[in-house]
Amino acid sequence: MDEELRSLTERLRIEAEASPAYDRLVATEDLHVLAAALTEPGQPLWARELAAFRLGIAGDGRAFEALVLLLNHREPRRCASAAHALARLGDPRTARAAAALATNELRVAYALHPVRLLVELRAPEAVPALITTLRRRLRPHDPYRAVALACVQGLGALGDDRAGPVLNDALAHPVLAEEAVRALARLPE
């Protein structure tokens, strides 16, 4: 069993409170049963998350919208699970959706996992989105240092020279300086 799936099922087992529906969703191999859990009215969040995750891992595009919603959830564990499934889904819309979430200033508190997903996908949208997000995080007293740090690390991992100017600006921020030096060293000469 995939480690992320194991972690997700353990967490959701507690939320489901011994529901027979939980056991059915964990055990089924029928993708139509999982897809139905996404669209049937009255389904609890844990059921929708479990179904979307399993469909995403299976490469079933019916999970896309639910996973994007979970990627922008207020609970970090849900975001992490959604990012994991989206990275494996293979939907061409994923990078565009992650870039939109990463750069949405109204939802920046939830941008960490979209940023990390963009880096994992290595899509064309990744570098511009990370540059935009990091530039906004370099304002004085910005409270979203974890997002800024993920952007710095991601830009280093992506190794695109367009990141040079914003990484140089990040050097002036003590929390980011060390990682910015590493990221700059990874950029092409």
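This is a short walk through one predicted protein chain, from the overall fold down to a few residues.

Ground rules. Numbering starts from 1 along each chain as its sequence is written, and side-chain values use heavy atoms, with hydrogens and water left out. Because the model is predicted, local features need pLDDT of at least 70 and side-chain atom pairs count only at pLDDT 80 or more, while totals for chains, interfaces and linings use all residues.

Overall picture. The chain has 12 helices and zero strands. Helices here are DSSP runs of H or I, at least four residues, and strands are E, at least two, numbered from the N terminus. Along the principal axes, the C-alpha atoms fill a box of roughly 55 × 30 × 30 Å. Of the 189 residues, 49% are buried. Buried means under 20% relative accessible area, exposed over 50%, partly exposed in between, with a 1.4 Å probe and protein chains only. Take contacts, meaning heavy atoms within 4.5 Å. Among those between residues at least 6 apart in sequence, 62% join residues at least 24 apart.

Now helix H10, residues 145-158. Its 14 residues reach 20 Å from first C-alpha to last, close to the 20 Å expected. That expectation is 1.5 Å times one less than the number of residues. Which residues of H10 are buried? They are Val-147, Ala-148, Ala-150, Cys-151, Val-152, Gly-154, Leu-155, Gly-156 and Leu-158. Their cover includes helices H8 (112-121), H9 (126-137), H11 (164-170) and H12 (174-186). Just after H10, Gly-159 takes a positive phi of about 60°.

Next, a helix pair. The axes of H7 (residues 94-103) and H8 come within 8 Å and cross at roughly 145°. Axes are lines fitted to C-alpha atoms, for helices over the stretch in contact, with angles from 0 to 180 degrees between N-to-C directions. On the H7 side, Thr-94, Ala-95, Ala-98, Ala-99, Leu-101 and Ala-102 take part; H8 brings Pro-114, Val-115, Leu-117, Leu-118 and Leu-121. That contact divides into 10 nonpolar residues, one polar and no charged. Nonpolar covers Ala, Val, Leu, Ile, Met, Phe, Trp, Tyr, Cys and Pro; charged is Asp, Glu, Lys and Arg; the others, Gly among them, are polar.

Glu-17 is not a glycine, yet has a positive phi of about 50°. Glu-17 sits in the loop between H1 (3-16) and H2 (20-27), and is exposed at 67% relative accessible area. Arg-122 also has a positive phi, near 55°. Arg-122 lies in the loop between H8 and H9 and counts as exposed at 51%.
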